[in-house]
Amino acid sequence: MSFAGTILVVDDEPSTVKDIARLIEPDSYRLQWASTGTEALEHFQKQPHPDLVLLDYMLPDFDGLETMRRIRMIRPDIKIVMLSCMTGTRFVAHAIRLGAQDYLSKPVHNEELQEVLRQCFKHSPEDASMESIDVGNGTYFFAGSPAMKKLRSQAAMVAKTDLPLLILGESGTGKEVLSRLIHKYSARAHRMFLKVNCAAVPADLLESELFGYEQGAFTGANKTRLGRFELANNGTVFLDEIGEMPPALQAKLLQVLQEGKFSRLGSRNIVQVDVRILAATNINMEQAIANRTFREDLYYRLNGFTLEMPPLRERREEIPLLLKHMMVGLAERYAKAPLGFSEGLMQACVNYAWPGNLREMDNFLKRYLVFGDEASVITELTSAAAARPSADRPRSSSGDLKQIARDVKGEAEMQAISEALQETSWNRKRAAALLNISYKALLYKIKQYGIDKPVETGVPSA
């Protein structure tokens, strides 16, 4: 008989083992059982090793986390899924840091178990395929590299708790989409998900945006308005660019995190909410704390667990799959036939550093689809790579220094304008104010650099 793999269940409760045996198809998997951590380790002293371990936290000798640590000393790559009645955030965070593949609450439900088995026993060529997960709002979470698939697994695991979460990563890597994925996997998925960009909202308006205000609280407050925290009660609030939040507001946010309480502007009444907060930033938070622009106590309260979106240059093996998936989405939006990628074009894309990450790739593919000129886009990539310093290739000291400076300045301006337009949802007057330039100057720059408003493609926007 051919088996898909061997599963070792480590649990001292025979009833749990029987339940799992009943849910697992006996013709598909070989089941082994250990009632203690010591017995589990004995299974790894002989060959062949199990392919997956379902590991209970409470064991008679030493706990599941210690058992996992010892198993990984023998078999570092083994997939381990924790089982427990515990749902504490500290336990889940510790399990993720130790490398748990996933977490299942006891009693184990069939649907959750089958999903874990599907993820853990994927074999080639599926392993090389791109996972595309609809996270709502017309966006998708793409995972084609091991790093992104691991991130997806961690997101699914941490979503099962109300652990505050800090998402780090460069601009354009998809931090908002990761936050939507966490919301989708959470028990709050049927509730509201609201995003607030702390950098895009003027400082004097951000407090009322988050916490609302009472009628008469200030000039123009003609009626009571609920803030995002009240609107998202029992749901999720995503605070993008949290590092840009004014220090005066940080104390109030800390109170929400600690007690779930705040008051609207112009009111002394306390509002109680149950909101999960996800925060994201692309700045160095440790440096911000050192510069006293961000409260240290708020940072540690937000940082219940940290997930980091890797830039494209650190997952180049994903670029070919990502280009093809994004091309299909763009072609559908434009009602055009998707264009292919020659070997030369694909190699140029893989070699390029993509400093703007997915946002830059989206604009690049849009130009390619509209104009269909492969030679032109290859030249665009190679010229941009030659003009830009990168972590992979230091800039040559030879050449026209003034021209190099102009190229770098132009690219920096184009990036800053693109980000300002993105942050203001392409409200050009607000973007001009954000950039501290005139509206007319912004229109000229948009035309000069050929910056186009992106078509919704389901590409991450955070």
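Modeller: A crossing is left-handed if the near helix is turned anticlockwise from the far one by less than a right angle, and right-handed if clockwise. The model here is predicted.

Colleague: In which hand does H8 pass H10?

Modeller: The crossing of H8 with H10 is left-handed. Helix H8 covers residues 203-211 and helix H10 residues 247-259; they pack at an angle of about 15°, and their axes lie 11 Å apart. H8 is therefore roughly parallel to H10, since angles under 35 degrees count as such.

Colleague: Which residues of H8 and H10 meet?

Modeller: From H8 come Leu206, Glu207 and Phe211; from H10 come Leu249, Lys252, Leu253 and Val256. Sorted by class, this contact of H8 with H10 has five nonpolar, two charged and no polar residues.

Colleague: How do H13 and H14 cross?

Modeller: The axes of helix H13 (residues 319-334) and helix H14 (residues 343-351) come within 9 Å, at roughly 115°. H13 is therefore roughly perpendicular to H14. On the H13 side the contact is made by Ile319, Pro320, Leu323 and Lys324, and on the H14 side by Met346, Cys349 and Val350. Here the classes are six nonpolar, one charged and no polar. H13 passes H14 in a right-handed crossing.

Colleague: What should I look for in a nonpolar core?

Modeller: In soluble globular proteins, nonpolar side chains tend to be buried together. The largest nonpolar core has 45 residues, of which Met82, Phe141, Leu178, Ile182 and Leu307 touch the most other members. Helix H6 (residues 146-158) gives the most to this core, five residues.

Colleague: Which residues are in the second, separate core?

Modeller: That core has 32 residues, including Leu254, Val256, Ala288 and Leu302.

Conventions
Residues are numbered from 1 along each chain as its sequence is written. This is a predicted model: local features need pLDDT of at least 70, side-chain atom pairs count only at pLDDT 80 or more; totals for chains, interfaces and linings use all residues. Side-chain values use heavy atoms; hydrogens and water are left out. Axes are lines fitted to C-alpha atoms, for helices over the stretch in contact, and angles run from 0 to 180 degrees between N-to-C directions. Helices (H or I, at least four residues) and strands (E, at least two) are DSSP runs, numbered from the N terminus. Angles under 35 degrees count as roughly parallel, over 145 as roughly antiparallel, 65 to 115 as roughly perpendicular and the rest as oblique. Contact means heavy atoms within 4.5 Å. Ala, Val, Leu, Ile, Met, Phe, Trp, Tyr, Cys and Pro count as nonpolar, Asp, Glu, Lys and Arg as charged, and the others, Gly among them, as polar. A nonpolar core is a set of buried Ala, Val, Leu, Ile, Met, Phe, Trp, Tyr and Cys residues joined through side-chain atoms within 4.5 Å. Buried means under 20% relative accessible area, exposed over 50%, partly exposed in between (1.4 Å probe, protein chains only).
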